[in-house]
Amino acid sequence: MTRRVSTRNASVQVWQAYLNNRTKRHRDSRFLVQGVRPITQALANDWPLETMLYRLGTPDLSSWARELLETSGVPQVGLVPELMAELGEKATGIPELVAVAVSRQPELDTFEPGEPGDNAPPVVVVFDRPNSPGNLGTLIRSADAFGGSAVIVTGHGADQYDPQAVRASTGSLFAVPVFRAAGAAQVLEFRDRQVRRGIPTRIVGTDEDGASAVYDHDFTEATILVIGNETSGMSAAWQEACDDMVYIPMGGTASSLGAPSAAAATLYEISRQRRTFVR
């Protein structure tokens, strides 16, 4: 089904609200997806897409956009460039496609990654109270790149369905489950369930005052990696919940790494150890 819109009607106003209104996104269970790779990955991972919005007029759509419209089977709405511009991120110009996607809210209480005896035990990344949607999306991308099983956002942090998070994840949001949890207690319950399933699991935090360097810690068992808030770092509740604390040795004048960089460095080390030692 295809229709064309040339005026700023009620539907356009709703879609525009998804750009910066978290409450509206949450209430409607909808969000916007922009960019070639995010939209392509959403389709590749069978993510539910409600509507495909496309730019009318000139310039002509790219071959990628035309093929996607012809093959995706998603209902389509054509918008004049002025309206598409209102749905785009200002820095990227007028988008040729924007997907309206259905958000998912998976339950941590039923999440059971891995099996006893796996050669590659699960790695789950916790990001505590992230301030920035872009940082959250970047961390999700790193978790995907280095084989993470899931990301858990604790506390009232950034929304993974914020357009900045979706774009920063470069499509990894659609490949890695993202859970929300109130705090450490719910994650501890998840760890205990995994242990009862026969999957020994340790909770490891990153902090500049950690007891051992990241490369001296054994990450070959199942791991819940905790990344603290970008501003205040690891909370007292999380320090108490962690079995181990590691630090990332650094040179130069920087006192610490940003949260997504710390996650990427540690996830790389986990991946490196498993490639080296786990057969």
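Q: Leaving aside neighbours within four places in sequence, which residues is S212 in contact with?
A: This is a predicted model. In it, S212 is in contact with H217, M245, V246 and Y247. Contact here means heavy atoms within 4.5 Å. S212 itself is in strand β10.

Q: Why is S212 called partly exposed?
A: Its relative accessibility is 22%. Buried requires under 20%, and exposed requires over 50%.

Q: How far apart are S212 and D162 in sequence and in space?
A: They are 50 residues apart in sequence. Their C-alpha atoms lie 35 Å apart.

Q: What makes H217 count as buried?
A: H217 has 12% relative accessibility. The limit for buried is under 20%, so H217 qualifies. It sits in the loop between β10 (212-213) and β11 (222-227). Beyond its neighbours within four places in sequence, H217 is in contact with V204, S212, D244, V246 and Q273.

Q: Is E96 buried or exposed, and how do you know?
A: E96 has a relative accessible area of 17%. That is under 20%, so E96 is buried. Its place is the loop between α5 (81-87) and β5 (97-102).

Q: Which residues does E96 contact, leaving aside neighbours within four places in sequence?
A: E96 is in contact with L53, Y54, R55, L61, S62, W64, A65 and M84. As for N135, it is 39 residues from E96 in sequence and 26 Å away, C-alpha to C-alpha.

Q: Why is S29 called partly exposed?
A: The relative accessible area of S29 is 26%. This falls between the 20% and 50% limits, so S29 is partly exposed.

Q: What makes D46 exposed?
A: D46 has a relative accessible area of 64%. Exposed means over 50%, so D46 qualifies. D46 also has a positive phi, about 55°, although it is not a glycine. It is found in the loop between α3 (36-44) and β3 (49-55).

Q: Which residues have the most contacts inside the largest nonpolar core?
A: They are W15, F31, M52, L53, L79 and V151. This core has 60 residues. Another core, of 19 residues, lies apart from it, and includes F111, V126, A184 and M245.

Q: Which residues does L79 touch, not counting those up to four places away in sequence?
A: L79 touches V5, V12, W15, L53, Y54, R55, L56, M84 and L87.

Q: Why does the radius of gyration agree with a compact globule?
A: With 279 residues, a compact globule would have a radius near 19 Å. The protein has 21 Å, which agrees. Its C-alpha atoms fill a box of roughly 60 × 40 × 35 Å along the principal axes.

Q: How many helices and strands are there, and what share of the residues is buried?
A: The protein has 10 helices and 12 strands. Of its 279 residues, 50% count as buried.

Q: What share of the contacts with a separation of 6 or more joins residues 24 or more positions apart?
A: Such residues account for 78% of those contacts.

Technical notes. Residues numbered from 1 in each chain as written. Predicted model: local features only at pLDDT ≥ 70, side-chain atom pairs only at ≥ 80, totals over all residues. Heavy atoms only, no water. Helix = DSSP H or I, 4+ residues; strand = E, 2+ residues; numbered from the N terminus. Rg over C-alpha atoms; globule rule 2.2 N^0.38 Å. Buried < 20%, exposed > 50% of the residue type's maximum accessible area, 1.4 Å probe, protein only. Core = buried A, V, L, I, M, F, W, Y, C linked by side-chain atoms within 4.5 Å.
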